[in-house]
Amino acid sequence: MTYAIYIAAALAEIAGCFSFWAWWRLEKSPLWLIPGLVSLALFGYLLALVETNAAGRAYAAYGGIYIAASLAWLWLVEGVRPDRWDLGGALLCIVGASVILLAPRGA
């Protein structure tokens with residue numbers, strides 16, 4: 001379930017940040033900021049749902065998922081296909097996030 005929450009949080013964060021990018025860098029309407037703010041609030045809410053005793057650990061593990069989701073956004077939304085270095089780096093990050101998430105703590 002944690003991975004699903006992280007994926008949803010990553011999509012909310014990326015969408016929210018992209019709305020600011022579109023407004024600022026692509027000269028879209030300031031109305032783009034409204035769904036962006038809602039999306040960023042959703043991101044914060046979703047990340048707070050992760051069951052952990054330390055917020056920093058949740059954020060660290062989330063980082064790996066965020067990187068992979070960002071590359072998916074790059075390909076699916078922006079139309080730029082990730083190269084092998086992007087994919088290798090994302091895989092490395094997912095492995096690192098999984099080590100953080102799945103470590104047998106307190107054993």
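This report looks at one helix pair, a loop residue and the cysteines of a predicted model.

In this predicted model, local features need pLDDT of at least 70 and side-chain atom pairs count only at pLDDT 80 or more, while totals for chains, interfaces and linings use all residues. Residues are numbered from 1 along each chain as its sequence is written, and side-chain values use heavy atoms, with hydrogens and water left out.

**The helix pair.** Let's start with H3 and H4, whose axes (lines fitted to C-alpha atoms over the stretch in contact) lie 8 Å apart at an angle of about 155°. The two helices are therefore roughly antiparallel, a term for angles over 145 degrees on a scale from 0 to 180 between N-to-C directions. Residues of H3 in the contact (heavy atoms within 4.5 Å) include Arg57, Gly64 and Leu71, and those of H4 include Asp86, Cys93 and Leu101. By class, this contact has twelve nonpolar, one polar and two charged residues.

**The loop.** Arg81 is found between helix H3 (55-76) and helix H4 (84-102). Its C-alpha atom is 8.4 Å from that of Leu71, ten residues apart along the chain.

| Residue | Relative accessibility | Class |
|---|---|---|
| Arg81 | 62% | exposed |
| Cys17 | 36% | partly exposed |
| Cys93 | 25% | partly exposed |

How many disulfides are there? The count comes to zero, with a disulfide taken as a pair of cysteine sulfur atoms within 2.5 Å. The sulfur of Cys17 is 17 Å from the closest cysteine sulfur, in Cys93, too far for a bond.

Notes: Helix = DSSP H or I, 4+ residues; strand = E, 2+ residues; numbered from the N terminus. Buried < 20%, exposed > 50% of the residue type's maximum accessible area, 1.4 Å probe, protein only. Parallel < 35°, antiparallel > 145°, perpendicular 65-115°, else oblique. Nonpolar A, V, L, I, M, F, W, Y, C, P; charged D, E, K, R; others polar.
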